[in-house]
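Here is a short briefing on one helix and its surroundings. Look first at the structure, then read the points below.

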Amino acid sequence: MKKVIAVLGMFAIAAGICVAGWDDVTFTATDLAPAVAQTNSFVMRGRLERVEFTTDGDAATVSNTVTITSGAATLFTRSCTNDTTYFPRITLHNTSGNALQFLGGSNADSATNNWIDAAAVAGTVSVVQLASGPATNTYTVKLVWEK
Amino acid sequence: MDNYTTDSDRPDLAALEVNSPEGFIGSMIMPIVPVADKSGTLYYATITADAAAQTSRSAGTAPTATQISDSSTTYTCLERNKRGAITPDEVKQMGGIAKAEVVGAKYAKRQVMRALETSIAAEVLGLTAEATFDAAKLQEQAQNALDDIRLYEGATALVGSTKVLKMIVEDILGNSVHGPVFSRLITGGSPQIAAEGLNFNAWMNALAMYLGVDKVLAGDTNIWNAGTNAGKFAFAKVDASNDPLSHKWTPVFGKSFQFLPDGQQPWHIVSHADLTDVNNYFTATMWYDTVALNTGAVYVIDGVV
């Protein structure tokens, strides 16, 4: 009987391992010329938790724009100059489809409330890396999501 | 001059067996067609669309005919060459000129073979991707692909770099629904079988079984996952006929046309010694053109990350 319980326990553990997990992907734009964009697409199933931006440390590195979209929705867009990690959150909607207001009434840096969440995604995500400066740039974008 | 090669054409070196570098799958997808001219016109079979069979016919009237014909295109075999150089002192290290000649010729041949493989990879994975890889729906995507290429002839194959194929396996295993099923396919039912299931062939066989294809072709990652090929794989119909002229009557994906300068074999290898530069040179040359005839026989999926 103990053996049966042990085996069932192992199945339960295995099932737990399968269900929960984290995944990540890194896209590198190498020597991206000004105003040139590099686009990568892949399927994400989970919640986008973190976006890590890493430059190559080049002094000529200037503002590069990262835009992450899923379907028609923008999950994250930001011009980045330094190595930075972001935790993008989206606004939720009520049952009528109206966007719930941030406390303080706007998507302000100081706003704190419960009506935001990590974006749930089950579909193709597009990651566009755009170099907007006068020099070529090399930089990476790492996405981390919970499955 | 023991450590210098001879100045001449070297059919003996040209005939050398160069072990196909691991993962060179191009000639299985676009088989070689030897040609006597560097360029020319070729005729090839295409798919004639399915049409409803006639359900009634008046006596004395002819059945409705659908005309079937070949298409034509051209090929131009361009020169690709690579030269390997070995200094006389290295010749000594290698055990003499006879052995150094083999080393030099094999190196030169391999580089030209890589060029051919790169060209075929571009013909296959360079096609517009028709879907974005989704491990949770790979069965559905695979069937969409197989349905799409069903009218073309040959064996069905899953084509991709070794790395991308392993990433696919990784993503399937990480899926909560399909992971346990796929895991079972690889490891079998006992610890003994599980140990055997760890080799790469078992993984490829599992992929073939899981996706319902005849074979899995794992290509050199440095070529099949390089540049714009990165993160891509394809379902393809590959010519299984072994007939160089099969494209004339069966709709196949494409062929690699190789010019045979001597009518015997495609390689032209020349060795020569340079006493001024103090070097031995081995130059391998091949003329070829890869021509995609029926691009519909390949279904590309991208977005493997």
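A residue counts as buried when its relative accessible area is under 20%. By that cut-off, B:Val164, B:Leu165, B:Met167, B:Ile168, B:Val169, B:Asp171 and B:Ile172 are buried in helix 6 of chain B. The model is predicted.

**Helix 6 and its cover**
- Helix 6 of chain B has 12 residues.
- From first to last C-alpha, helix 6 of chain B reaches 16 Å, close to the 16 Å expected at 1.5 Å a residue.
- The cover over its buried residues includes helices 5, 7 and 9 of chain B, along with strands 7, 8 and 9 of chain B.

**Packing against helix 7**
- The axes of helix 6 (residues 162-173) and helix 7 (residues 178-187) of chain B come within 7 Å and cross at roughly 125°.
- That angle makes helix 6 of chain B oblique to helix 7 of chain B.
- Helix 6 of chain B contributes B:Val169, B:Ile172 and B:Leu173 to the contact.
- Helix 7 of chain B contributes B:His178, B:Gly179, B:Phe182, B:Ser183 and B:Ile186.
- By class, this contact has five nonpolar, three polar and no charged residues.

**The sheet**
- Five strands of chain B form an open sheet in the order 6-13-9-7-8, with mixed pairing.
- Strands 6 and 8 of chain B stand at the edges with a single partner strand each, so one side of each lacks a neighbour in the sheet.
- Strand 6 of chain B runs parallel to strand 13 (residues 298-302) of chain B, joined by two bridges.
- B:Ala131 stands opposite B:Ile301 of strand 13 of chain B.
- Helix 9 of chain B packs on the sheet and touches strands 7, 8 and 9 of chain B.
- The direction of helix 9 of chain B makes about 130° with that of strand 8 of chain B.

Technical notes: Residues numbered from 1 in each chain as written. Chains lettered and ligands numbered in written order. Predicted model: local features only at pLDDT ≥ 70, side-chain atom pairs only at ≥ 80, totals over all residues. Heavy atoms only, no water. Axes fitted to C-alpha atoms, helices over the stretch in contact; angles between N-to-C directions. Helix = DSSP H or I, 4+ residues; strand = E, 2+ residues; numbered from the N terminus. Parallel < 35°, antiparallel > 145°, perpendicular 65-115°, else oblique. Contact = heavy atoms within 4.5 Å. Nonpolar A, V, L, I, M, F, W, Y, C, P; charged D, E, K, R; others polar. Expected span 1.5 Å × (residues − 1). Buried < 20%, exposed > 50% of the residue type's maximum accessible area, 1.4 Å probe, protein only. Pairing = 2+ DSSP bridges.
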